Amino acid sequence: MWLGWATSSHSIQVGFDDFNGTLNATRYLIGMGHRHIVFAADISSPWLRRRFDGYRQGMREKKLRPVLIKARDAQSFVDFGQKSGAQILSRRPRPTAAVAGNDEIAYGLWRSLRQHSIKVPDDISLVGFDDREEALLMDPPLSTVRVHKEEIGETCMKMLLERLHHPRMTFSQRILPTEFVIRGTVRHL
């Protein structure tokens with residue numbers, strides 16, 4: 001996710017480290033013994049594309065095959081997750097873990113898996129991204145990449161004020177770190 005102010009061809013940009021957040025989540029799943037891991041998201045959005053790239057890098061580091069799950073005609077992120085469930089379950093070999101592009105996709109996927117009598121994490125592990133409040137309401141609570149939402153607003157404001165005080169200052173970009181939060185949706189194989 002990126003926030004910024006555009007001024008002609010220059011801008012102030014602040015974003016989360018989507019790539020490394022998902023790379024670390026994927027490495028964690030691999031470290032837990034998972035080898036058949038899929039990524040579920042519409043990667044036409046730049047931030048979801050960066051997250052997919054992080055997942056893909058983690059898979060390639062261990063010479064594992066990355067798999068992108070796409071859902072057609074999804075009306076929302078939750079709907080995308082719900083439509084992804086059947087695709088994931090039809091794959092052979094069946095994936096042991098799924099990385100969702102965000103927590104809403106993870107929630108939709110979790111709901112779809114439950115409707116198919118698939119238990120998270122007993123039958124498939126699940127990871128999200130964003131650490132939305134809803135992640136704690138899932139049963140079990142969702143393992144996810146935490147973004148510090150307040151920090152992005154504070155950083156944007158600081159950069160804007162710096163720019164106002166120093167108008168000749170070059171435009172800049174800041175990437176804020178993320179943190180992988182381990183909860184109950186990942187099991188060791």
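**Note on the predicted model**

1. The protein chain has a mean pLDDT of 89, and 89% of its residues reach 70 or more; pLDDT is the predictor's confidence in each residue, from 0 to 100. Over residues 1-9 the pLDDT is below 50, yet this stretch has 30 contacts in the model beyond near neighbours in sequence (contact: heavy atoms within 4.5 Å).

2. This is a predicted model, in which local features need pLDDT of at least 70 and side-chain atom pairs count only at pLDDT 80 or more, while totals for chains, interfaces and linings use all residues. Residues are numbered from 1 along each chain as its sequence is written, and side-chain values use heavy atoms, with hydrogens and water left out.

3. Helix α3 (residues 77-90) packs against helix α4 (residues 103-115) at an angle of about 45 degrees, their axes lying 6 Å apart. The two helices α3 and α4 are therefore oblique to each other (angles under 35 degrees count as roughly parallel, over 145 as roughly antiparallel, 65 to 115 as roughly perpendicular and the rest as oblique). Residues making the contact include Phe77 and Leu89 of α3 and Glu104 and Gln115 of α4.

4. Ser143 is found in strand β7, which covers residues 143-146 (strands are DSSP runs of E, at least two residues, and helices are runs of H or I, at least four, numbered from the N terminus). Ser143 is buried, because its relative accessible area is 0% (buried means under 20%, exposed over 50%, partly exposed in between, with a 1.4 Å probe and protein chains only). Leaving aside neighbours within four places in sequence, Ser143 is in contact with residues including Leu126, Phe180 and Val186.

Terms used
Axes are lines fitted to C-alpha atoms, for helices over the stretch in contact, and angles run from 0 to 180 degrees between N-to-C directions.
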